[in-house]
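Hi,

Here is the structure for your files. My notes follow below it.

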Amino acid sequence: EVQLVESGGGLVQAGGSLRLTCAGSGFTFADYAIAWFRQDPGKGREAVVCISNTDDVEYFQDSVKGRFTISRDNDKSTVSLQMNDLKPEDTAVYFCAAPIYCSESYYGDDWGQGIQVTVSA
């Protein structure tokens with residue numbers, strides 16, 4: 001059974017940093033891309049950034065370029081999302097997913113449970 005578990009969220013002031021981690025199990029982690037999505041209440045889920053199984057990174061939101069960094073550790077089956085200079089508009093529930101390849105859309109069933117990130121002004 002595929003499991004993805006997010007951790008590291010919380011409340012931070014604008015300009016602060018958080019590091020999210022997505023831990024995967026139940027599948028061959030190194031063979032899959034890992035993508036971060038986020039969802040604000042009242043809005044749809046949007047892709048943020050993805051790292052492929054060959055460490056290629058694709059950003060889907062221009063607003064996070066230069067502030068968010070994604071990395072993976074296949075030995076630990078984890079992907080980290082370092083978020084710096086956080087802004088109130090980054091407030092959302094963040095989800096990780098495990099697509100075969102990076103894409104702005106993901107229609108599969110393999111999602112984490114989500115973790116809240118709240119950035120106060």
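A nonpolar core here is a set of buried Ala, Val, Leu, Ile, Met, Phe, Trp, Tyr and Cys residues joined through side-chain atoms within 4.5 Å. Buried means under 20% relative accessible area, exposed over 50%, and partly exposed in between (1.4 Å probe, protein chains only).

The model is predicted: local features need pLDDT of at least 70, side-chain atom pairs count only at pLDDT 80 or more, and totals for chains, interfaces and linings use all residues. Residues are numbered from 1 along each chain as its sequence is written, and side-chain values use heavy atoms, with hydrogens and water left out.

The cores. The largest nonpolar core has 26 residues. L20, I34, W36, F68, L81, M83 and Y94 touch the most other members. Elements giving it two or more residues include strand 3 (18–25), strand 5 (45–51) and strand 8 (78–83). Strands are DSSP runs of E, at least two residues, numbered from the N terminus. Another core, of nine residues, lies apart; A35, C50, C102 and Y106 are among them.

Four strands form an open antiparallel sheet, in the order 1-3-8-7. Strands 1 (3–7) and 7 are at the edges, each with a single partner, so one side of each has no neighbour in the sheet. Two strands pair if DSSP finds at least two bridges between them. Strands 3 and 8 are joined by six. C22 has V79 of strand 8 as its bridge partner.

E46. This residue sits in strand 5. E46 counts as partly exposed, at 29% relative accessibility. Its side chain makes a polar contact of 2.8 Å with that of R38. That term means a pair of N or O atoms within 3.5 Å; within protein, one must be able to donate a hydrogen and the other to accept it, and residues adjacent in sequence count only if both atoms are side-chain atoms.

Best wishes
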